[in-house]
Amino acid sequence: MLRESYPFVEDSFSRLPSQSNIYGLCQAGEQELLAATLKGKVVCFRYQELQHKVRPVAKEVQFTYIPVDAEIVSIDAFNKSSPKRGLVVGITFIKDSGDKATPFLNIYCDYEPGSEFNLESIAQSCLNLELQFTPFQLYHTEVQCPDEGLETVFLLSGHDQRIHLYKENASLHQFEEQPVERLFPELQQLPSNVLWLDMVSVAGGRRLSAYGCQNGCVGLALVNQNGPEVLQNWRVQFDSPISTVLLFPLSCQTKSSEASGERSEEVNGYNLLITSTIEMAVVYRDVQECGLSRSTCLSGSEQWDAVLCALVIDLDFDGQKEVLLGTYGQELLCYKFRPAGSGQDGEFQLQWRRSFKSPLLSIIYLDLTGDGLRELAVLTLKGLHILQHSLTCTADLVLERLAQRVSALTASSELQPGEATDSEDSSAPAQVQEGGDQSPTC
């Protein structure tokens, strides 16, 4: 069922001590958010039970080795890959000492048993690394390491036109920089400073890597992780800096041209969403097969100033994902893919938009309350908005799905006795018809 109306209600708003930026929000664990401000403060946002009610709580976390005059650039966090345990938080900042601005990367991780996921303890266990470049996005991804299995690592882009890799040294209980080409050969010889990076693992031990640059260049690579080895490379040039690149699967049904209107062909594969500071957002379809040759524009996405953040999620629970765009023009836009007839490309149509009172910087979709229904966290220049699905609409949808399920089960149970009787009464004709034409079943 298509639900054209705006599906959220605002549950809470938390004002931050100072403004943040597009790299300033991350998920920490299952039900917590960390928001970093430019003036060196990090706020943890969670829901907890107070006076028999679940209420939002915003609390500043005192991360060590961040000076009072520091300006935080980016923040990221991840849970270590199994069998290792623990939460890791990374924060980049610039310390302004008057005559010189010095960039740093702090990596927080507590190895004390029982404290691996305690944010207060983690904030006191710091590895402080001085950088020789101005940092941009801090990103994490899981990678196949030779002789070590899966490992989650930090990738940090900088103004030196490089991507820097930080990997845990288990024997020393600390993270250290390693040559990026050892695990990510596709991130060598970059055309410009990388502003946004995204990766996803695909079938066959491969991964897709995408990056967007300050000069408008977008790179995409298909990599065999056993090696690793770059199998294919693609590039495309835009006319303005790239604000976001996002790889996502899209699976939907195209309608056949028959009068019956039955669904026939499934459209799937990985797609690449690209947003820039001036131009329309673009989705490149089925990049594994087509590379960067099959594009679809998101019409109207350039009308509300620069698109600063993006997310692809299933908002209306119909199994088909929507594209969310957050703009500097204070608008949240939602696009949905509409398939065309068989053999034709569909298009992304604007479903709804919602206005905020300040520019949108980052969006994350997660279950903050622990009730199984995710919330949409929207970081703006003024603070953090938490949007919840309308419980009335969600309850109606659950009842509708249950009614459909009951109806299907009832029809199936009514059909089975009749089928059994037919098979007993007409076993001989059934043998004759076994090799003949059969009527199609739904």
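These are my notes on what I looked up in this predicted model.

**Ground rules.** Residues are numbered from 1 along each chain as its sequence is written. Because the model is predicted, local features need pLDDT of at least 70 and side-chain atom pairs count only at pLDDT 80 or more, while totals for chains, interfaces and linings use all residues; side-chain values use heavy atoms, with hydrogens and water left out.

**Whole chain.** I got four helices and 30 strands for the protein chain (DSSP runs numbered from the N terminus: H or I of at least four residues for helices, E of at least two for strands). Of the 442 residues, 50% are buried, meaning under 20% relative accessible area with a 1.4 Å probe, protein chains only. The accessible surface is about 21700 Å², and carbon and sulfur atoms hold 47% of that (Shrake-Rupley method, 1.4 Å probe). I also took contacts (heavy atoms within 4.5 Å): among those between residues at least 6 apart in sequence, 49% join residues at least 24 apart.

I followed an open, antiparallel sheet of four strands, ordered β6-β7-β8-β9; pairing takes at least two DSSP bridges between two strands. D96 stands opposite A101 in β8.

**Cysteines.** I searched the whole structure for disulfides (cysteine sulfur atoms within 2.5 Å) and found zero. C145 counts as buried because its relative accessibility is 3%. C334 is buried too, at 2% relative accessible area.
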